[in-house]
Amino acid sequence: MAKRDVFQTAREEMVVRQLAERGIRDARVLQAMRDIPRHRFVSAELQHLAYRDCPLPIGDNQTISQPYMVAWMSELLALRGGERVLEVGTGSGYQTAVLCALAGQVYSLERHARLADRAATILAELGLNNVEIHVGDGSQGLADMAPFDAIIVTAAAPALPGPLRSQLHPQGGRMVLPVGDDRQQYLELVTRNGDRWQIERVGAVRFVPLIGRYGFRAVRRDDDDSAVV
Ligand code: SAM
């Protein structure tokens with residue numbers, strides 16, 4: 001996938017200045033983000049901003065996450081290759097592409113069909129075929145495909161969703177997710193070893209809400225994800 005393109009220099013600069021110099025150490029994460037053309041995951045009008053240090057709109061009131069956030073969450077999963085990973089919140093598909101480069105098989109769930117379709121198309125165009133995109137409520141996980149060695153949630157949950165907890169692999173499963181409401185959220189790293197659970201708050205973050213049975217409830221009928229309780 002590491003083809004040269006007009007954004008090569010901007011991408012390298014992103015990796016050095018926004019990721020490596022801010023403490024991302026996992027060489028595989030840095031290489032994946034050096035390789036994956038982030039500009040392909042945003043609309044043509046926003047491509048010139050694709051390597052900036054910020055999230056960008058992708059439609060349906062959603063955003064592609066800031067590059068640093070993608071790198072940090074990926075690094076926390078400590079993937080070594082070969083793992084089965086569940087992602088909740090496909091969004092643009094960019095984080096999904098990074099996971100495809102780091103793990104064995106990726107299952108990604110998105111509640112907006114339009115975003116899921118677009119992400120699936122781009123991932124296929126990039127030749128990434130170790131991924132399945134599903135449309136549905138990711139707060140319920142994907143029981144048929146469990147257990148997962150790693151789970152990543154890219155929208156903020158009010159609390160750790162029970163189904164995701166039970167779908168995490170009992171031997172060293174790792175999950176990273178933002179927990180909190182629209183005033184305060186923390187990124188949590190959950191590790192499981194049999195009946196022993198460790199939950200560590202690793203930093204303050206800001207994400208769109210996880211809308212679903214084990215997430216927040218959408219207030220309005222028009223699916224405006226910003227209107228939640
Ligand atoms: N990491 C993604 C990227 O880089 O493009 C960004 C994800 S965006 C911050 C969060 C995504 O979670 C949105 O696309 C939103 O529609 C999705 N989402 C929210 N609640 C969901 C749910 N219950 N199930 C699946 N997806 C959900």
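A polar contact is a pair of N or O atoms within 3.5 Å. The model is predicted, with local features requiring pLDDT of at least 70 and side-chain atom pairs counted only at pLDDT 80 or more, while totals for chains, interfaces and linings use all residues. Residues are numbered from 1 along each chain as its sequence is written, and side-chain values use heavy atoms, without hydrogens and water.

View 1. A polar backbone atom of G136 lies 3.4 Å from a ligand nitrogen atom. A ligand oxygen atom is 2.6 Å from an N or O atom in the side chain of S92, and a backbone N or O atom of I211 is 2.6 Å from a ligand nitrogen atom. The protein buries 99% of the 600 Å² that the ligand exposes when taken alone (Shrake-Rupley method, 1.4 Å probe).

**View 2. The shell around the ligand.** Of the 25 residues around the ligand (a heavy atom within 4 Å), S92, E110, D137, G138 and I211 come nearest. The shell comprises 8 nonpolar, 14 polar and 3 charged residues, with Asp, Glu, Lys and Arg counted as charged, Ala, Val, Leu, Ile, Met, Phe, Trp, Tyr, Cys and Pro as nonpolar, and the others, Gly among them, as polar.

**View 3. The cis peptide bond at P147.** The bond from A146 to P147 is cis, with omega near 5 degrees.

**View 4. Positive phi at D60 and A78.** D60, not a glycine, has a positive phi of about 55 degrees, and phi of A78 is near 50 degrees. D60 is partly exposed at 21% relative accessible area, as is A78 at 27% (partly exposed lies between buried, under 20%, and exposed, over 50%; 1.4 Å probe, protein chains only).

Conventions
A polar contact is a pair of N or O atoms within 3.5 Å; within protein, one must be able to donate a hydrogen and the other to accept it, and residues adjacent in sequence count only if both atoms are side-chain atoms.
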